[in-house]
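Trainee: Could you take a close look at the aromatic pairs in this model? After that, please walk me through some of the other parts.

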Amino acid sequence: MAGPIVHVQSPPGAVASSSIFPQLPPELTDRIGAFVPPNDMACAFRCTCRAARDLFSAPRFTTLHLSQPGIPHDVFARKWAAPGACHSLSYRQRRQLTTLTAASGDVANLHAALAAAGLVPGAAELGAAAGAGRLHVCAWLRRRHNCCTADPTGDALVAAAAAGAAEGAAWLLSKGGACWSWAAVGAAAAAGHVALMDWLVAARPTAAAAAGPVAAAEARLAGGPHPCEPEPLRMSRALAAVAEGCGLGVLRRCCAAWPALWAEGGGAGGDDGGGGSGCAAAGTGYGGDGDGTSMQRAQRMQRLTAAADFATATTAHTGPGQGLEPGSGEAAVAAGGGQRAKRDAALVTRGHAALAAAAAEASVQRWRGHLLAAAARSGTADWQDKVTWLLGWAPDAPGLEEAGRMAFAGAAEARACGQGGGASTSSGGGDGGGGGGGDGGEEAACRMAWLAAQGLVPAESALLAAVRCRAAAAVDFLLAAPPAVSVGSGAAAAAVGEPAAAWPPLAVGEELVVAAAEVGDVGLLRRLLSEPRCEAVDALDALCAAAGGRHLAVLEFLTGPPERQQEGQGEAQEQDQEEGQEQAGSGEEVGEEERQENGEGEGEEGEGAAGSGRARRVRRRDQLRRAGLQLCGAALDDPLIANEAAERGSLEVLRWLAARRCPMDEFTLAAAAEGGCGAALEWLAGPRRVRLGASGDAWRQASWGDLATLRTLARLRVPLGPAGAGPAGAAATFLNMLVRAAAPLPVLRLMVEEARCPVDWEKARRGALRRRDESRRPLLDWVRQQAVAAAGLEGLGVGGAEGWKEKAVSAPGPPGRKILLHRHAEQDGDGDGGGGGEAL
């Protein structure tokens, strides 16, 4: 990850010296410069002398990288702390600025970046710091900003695992309060970090180490798995990541061991474990025991805990001191019954374990399609061996055909040069057919041809994945019916072989066209539109996709006249000749009819002219379809187009649409609030553009922790609630952000202190009680302080919800405030004073 900040250019007319080190050969100077960190090269090494400045003048030597250490604080502040430096950036760009700065490890620069970007730090910054091994930044974020390990910005443990940062993952589990998850295991596996993956599996909390339902609720509310999602499903996703990033040997080992691991753990651990319990189960050090001693200790602890629970239950049933005498006959009978009970319990336990193992294996079988897709797009050298091994699982199973289709979709996402990865939508515009990975989709097409030689058949999902990856060669392969397909050239094409089975022509639906417009590939868009099998497409969907992707080239193609988009004049000349011949033929026919019929009525002549006009329009439409230009000339007549551009925070696209009279409304302003571009918000709220809105949607649509956007909305005086609702509507907006949006405390404080939002503090207290993450306690304290201050009870030292309500009625002060607070307590206390709110 690198972000350009400043380019230090050499002054014109500078004369290069012979060498920086005259005693050394010139080639050694370049070798020495290659070992200098990039930021040190740009800020220090080039400033030593004129020879160094002239020798290392390429852009790679003059560019500062945000994610790397060594940027002086004054240089960073001069670029980013200047007034309005981040005003034109969207929310995503500002969040990227803070995450890259967090990865650099410079706390001073991170503090300046957070202030300039106007963002509340979250799991994205914590994960970036942990992934780069900057544990002091992690500690600062936790101590200063109380950052959670999982929130709408991301998952810190998953980010650290994807970066292969073993120390960062261990710190998050032991000191950062992170919850163990199969998603982190999958992230490490997808990136090829096998040792870290094994250590995370060993750190899986068991039933004895789980922290309980409260920690499980915290993990789920903070972005963890769904409460109803079984653990075999999450484990199967991690296995798919193993198939993508690891070799065949690791995949076979994990497929054999993980289902049994889940069966032995009883399914009680998994993602429901609390923070820090994973490290307690697997030990404190990273390294992963190769013989599984950590897991054996955890399982032994689980059995001991179960025995203790059984003894506790027996004591509670018989009562202390009420057991049978050891020498009595009843004791012997009871002992025999206890032996049988233990044997029965052991049989039941083994039966449950067998059922659990069978369920886990069945889940893996059901996910074979996902495993095949991951193996087909894998960047490892043995991807063919992995696909062959996965196809060997129950070859007569009914789901093999669907699994083969998913394998084609995975192959469409393959990259050249041994780089695996998922589908990526390029943000840069383009009018060519450049494929993902820089090879135009040649690698993906070769893999698809190999899959077809194995007897697998593709589906429309593979075509959609190829379009989203801008793999033009793969699209051509899928649209051409076998065996008349040509894949690449050379040894790679010779090793593919002929397809073992033909497949019917794939339909080119509207979703494919919209996907091509979304990725910004005009050439691929025309290729799909010119296909005879292309279905009718709504131009509005394509325009919205292009505006959402910030692709002006696609917007100009869709809205421009067809004549301007045609390549060369050959088609136009042929079209003119055909039209001229048709007009001449129709004129001769009309003249012959006139001579034969001796002057028919004007109505029949009008009908003949109308028929000729319809025929010309049909021919014109067919010509445009063959050229892929049938969507050209679309009208910008719907506010949804501007809403998509505003949601991405693109002021350039908004201005382009406004220049062409594209309509905009108050929902465009709400979408711009979600995009988080302050310049776009101010431009939309300017004169003669859009209304400020009267529903409070702009406040609710703001992204998580976006303080800069909220300050802009407050400065523009955007209404907090629906028109006519008064303070109750604004209070409802505050409660919505507190409960549904899980807004952090700085956002809520800004709404109260800067936006002057009225709040029903009793409802706010009950909403804060719904929080199950680490922000619950400071949020409750702040709500209590604000409620006490609003009720005039600063000097009473009220603590707790029950004492707050009781003293609010008897405290001295204005009667109206006391009665109002008491009425809220009666209406919103669920009929039991303060207990109803505490029980939530």
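**Aromatic pairs, then helices and loops**

Mentor: Counting ring pairs with centres within 6.5 Å, we get six aromatic pairs. Keep in mind that this is a predicted model.

Start with Phe56 and Phe61. Their ring centres lie 5.0 Å apart, and their planes meet at 80°. Planes over 60 degrees apart count as edge-to-face, so Phe56 and Phe61 form an edge-to-face pair. Are these two residues buried or exposed? The cut-off for buried is under 20% relative accessible area. Phe56 has 2%, so Phe56 is buried. Phe61 has 13%, so Phe61 is buried too.

Now go to Trp180 and Trp182. Here the ring centres are 5.2 Å apart and the planes are at 75°. That angle is why this pair also counts as edge-to-face. Trp180 and Trp182 are both buried. A further ring joins in: Trp180, Trp182 and Trp258 are linked by ring pairs into a cluster.

Step back to the whole chain. It holds 46 helices and four strands. Of its 840 residues, 45% count as buried. Look at contacts between residues at least 6 apart in sequence: 76% of them join residues at least 24 apart.

What does Cys246 touch, leaving out residues up to four places away in sequence? The partners are Ala189, Val194, Thr380 and Lys386.

Next, helix 8, residues 123–131. How many of its nine residues are buried? Eight are, so helix 8 is largely enclosed by the rest of the structure. The buried ones are Ala123, Ala124, Glu125, Leu126, Gly127, Ala128, Ala129 and Ala130. Several elements cover them. Among the helices that do this are helix 6 (91–104), helix 9 (135–145), helix 10 (156–162) and helix 11 (166–174). Strand 3 (150–151) and strand 4 (154–155) also belong to the cover. Just past helix 8 comes Gly133, with a positive phi of about 75°.

Helix 11 deserves a stop of its own. Ser174 lies in this helix. With 45% relative accessibility, Ser174 counts as partly exposed. A polar atom of the Ser174 side chain lies 2.7 Å from the backbone oxygen of Ala170. Here is a general point about helices. An α-helix has 3.6 residues a turn, so residues three or four places apart point the same way.

Move on to helix 34, residues 639–647. Look at its N-terminal end, which Asp638 caps. A side-chain oxygen of Asp638 lies 2.9 Å from the backbone nitrogen of Leu640. Which residues of helix 34 are buried? They are Ile641, Ala642, Asn643, Ala645 and Ala646. The cover over them includes helix 29 (539–548), helix 35 (651–659) and helix 36 (666–675). After helix 34 comes Gly649, where phi is positive, near 70°.

Finish with a helix pair. Two packed helices are described by the angle between their axes and the distance between the axes. Take helix 42 (residues 761–769) and helix 43 (residues 776–791). They pack at about 170°, with axes 9 Å apart. Angles over 145 degrees count as roughly antiparallel, so helix 42 and helix 43 are roughly antiparallel to each other. From helix 42, the contact uses Trp761, Ala764, Arg765, Ala768 and Leu769. From helix 43 come Arg776, Leu779, Leu780, Trp782, Val783, Gln786, Ala787 and Ala790. What kinds of residue are these? The contact has 10 nonpolar, one polar and two charged residues.

The loop between helix 42 and helix 43 holds Ser775. At 15% relative accessibility, Ser775 is counted as buried. Its side chain makes a polar contact of 3.0 Å with the side chain of Arg771.

Methods. Residues numbered from 1 in each chain as written. Heavy atoms only, no water. Axes fitted to C-alpha atoms, helices over the stretch in contact; angles between N-to-C directions. Helix = DSSP H or I, 4+ residues; strand = E, 2+ residues; numbered from the N terminus. Parallel < 35°, antiparallel > 145°, perpendicular 65-115°, else oblique. Contact = heavy atoms within 4.5 Å. Nonpolar A, V, L, I, M, F, W, Y, C, P; charged D, E, K, R; others polar. Buried < 20%, exposed > 50% of the residue type's maximum accessible area, 1.4 Å probe, protein only. Polar contact = N/O pair within 3.5 Å; in protein donor to acceptor, adjacent residues only side chain to side chain. Phe/Tyr/Trp six-rings, centres within 6.5 Å; stacked < 30°, edge-to-face > 60°.
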